[in-house]
Amino acid sequence: MSAKPLKITELALRDAHQSLLATRMRLEHMTPIAQALDDIGYWSVEMWGGATFDTCVRFLNEDPWERVRTLKKLMPKTRFQMLLRGQNLVGYRHYADDVVEKFIDLSCAAGIDVFRVFDALNDLRNIKTSVDRIRKNGKHVQGAMCYTTSPMHDMGFFVDLAVRLREMNVDSICIKDMAGLLSPTLVGDLVAGIKEKVDVPIHLHSHTTSGYALMTMTRAIDAGVDAVDTAISPLSMGSSHSPTETIVSALKGTDRDTGLEMNKLLEIARHFTKVRREYAKVDTAFLGVDVNILVSQVPGGMISNLEAQLKTQNALHRLPEVLEELPNCRKDMGYPPLVTPTSQIVGAQAVLNVLMGRYKIISRETRDLVEGRYGRLPGPVAPELLARVEGDRETVITVRPADLIEPEWEKFKEEAKGKTSSEEDVMVYALFPQVADDYMKKRGTPPE
């Protein structure tokens with residue numbers, strides 16, 4: 001056994017297919033390989049959260065809670081990990097604290113062991129309720145920081161963020177590089193800087209979108225990072241992650257040897273090679289490197305959303321103008337990291353600015369972001385934009401957004417009466433009321 005084995009979190013069951021296959025992988029393609037996955041010895045397997053909950057309900061007619069229980073029976077030795085958007089849970093708005101607490105209680109009961117919790121703005125007020133409830137349930141809470149670059153986001157910002165996460169009593173800290181922007185020249189200093197200040201394990205999550213990730217991961221490993229996220233090779237690269245087998249092989253015989261067996265990993269790879277063919281209709285066209293992101297910070301998936309918006313306005317030819325306007329919009333809004341939901345908000349406003357004139361029309365979501373209803377922005381809002389949002393009244397809030405939300409759980413239970421048969425179903429109704437009725441009728445049937 002090596003002196004300090006690198007721990008591996010496998011992403012095949014969540015972020016890998018979310019990045020490449022529109023999150024469409026069904027449970028039937030996970031269960032045949034589950035016991036083999038359980039035998040590998042991963043530190044954890046990320047298999048829930050992010051967009052998986054929504055996709056189960058909206059597109060697959062699958063019970064997301066049953067997915068956890070079914071796999072848990074087949075994988076009793078492995079920690080199950082989920083991605084949680086703090087006060088947003090797995091939805092798209094802030095929920096009241098009682099809903100957040102109930103969701104975490106139900107998730108723990110279903111079988112989630114590790115919660116990776118983040119906030120799109122790195123506003124730690126928006127993850128406090130989640131962190132406290134996860135700890136109360138006795139589960140592992142991993143505080144995540146959304147890595148980005150801007151005049152507001154230097155090395156000191158992220159080291160300080162790590163210190164504040166540790167003060168919240170998280171069990172580990174994740175550097176969440178969702179756009180692949182973390183360069184190999186910076187990551188060593190970042191890992192070392194955090195390790196100097198905090199005493200919990202550091203985990204690295206870095207997408208391969210920009211082409212940086214394998215180099216960045218190598219430097220981070222040399223700097224002493226404790227764990228990394230990887231994806232089994234058939235579901236790796238492109239907008240996904242570095243291949244598990246490559247990392248395991250590269251570290252073989254070193255003091256960071258993972259201890260994972262290549263033969264067992266190859267069995268997993270063979271399975272997912274076949275599985276990927278089943279999803280040809282939703283498989284991404286983006287398989288290489290998007291160098292665009294190193295300049296504009298706009299990932300490929302975001303560009304496709306912008307293209308779709310412009311097509312509806314017969315204005316696809318104006319995409320270059322939108323890509324030029326987008327960094328200006330982000331600056332005007334205080335440099336939010338571009339991750340759900342802020343990426344959609346900034347992108348949509350950039351489209352409006354190009355088509356209608358700068359801030360002639362301001363979306364409701366942009367107003368909410370500027371008003372502090374998503375949390376505290378990293379930097380100041382441009383005076384022109386702030387004046388248009390505020391008008392002649394003070395609208396910017398400084399409190400934690402969820403402090404303005406009355407308890408909701410009992411209200412949801414009442415509204416869902418007669419439509420649901422369990423608290424898990426009520427939670428589906430609370431998170432996705434527009435599609436919950438249809439889901440309850442179709443649940444258990446093959447997707448169309």
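**Cavity lining and salt bridges**

Trainee: How do the residues lining the largest cavity divide into nonpolar, polar and charged?

Mentor: The lining (residues with an atom within 4 Å of a cavity grid point) is R85, N88, H94, F118, D119, A120, L121, T340, P341, T342 and Y374. Asp, Glu, Lys and Arg count as charged, Ala, Val, Leu, Ile, Met, Phe, Trp, Tyr, Cys and Pro as nonpolar, the others as polar. That gives 5 nonpolar, 4 polar and 2 charged.

This is a predicted model, where local features need pLDDT of at least 70 and side-chain atom pairs 80 or more, while totals and linings use all residues. Numbering starts from 1 along each chain, and side-chain values use heavy atoms, without hydrogens or water.

Trainee: Which residue forms a salt bridge with D226?

Mentor: A salt bridge needs a Lys or Arg side-chain nitrogen within 4 Å of an Asp or Glu carboxyl oxygen. Here the closest N and O atoms are 3.8 Å apart, and D226's partner is K4.

Trainee: Is D226 buried or exposed?

Mentor: Buried means under 20% relative accessible area, exposed over 50%, partly exposed in between. K4, at 34%, is partly exposed. D226 has 14%, so D226 is buried.

Conventions: On a 1 Å grid over the protein atoms alone, a cavity is a set of points where a 1.4 Å probe fits but cannot get out, and a pocket is an open set with protein on both sides within 12 Å along at least five of seven lines; lining residues have an atom within 4 Å of a point. Buried means under 20% relative accessible area, exposed over 50%, partly exposed in between (1.4 Å probe, protein chains only).
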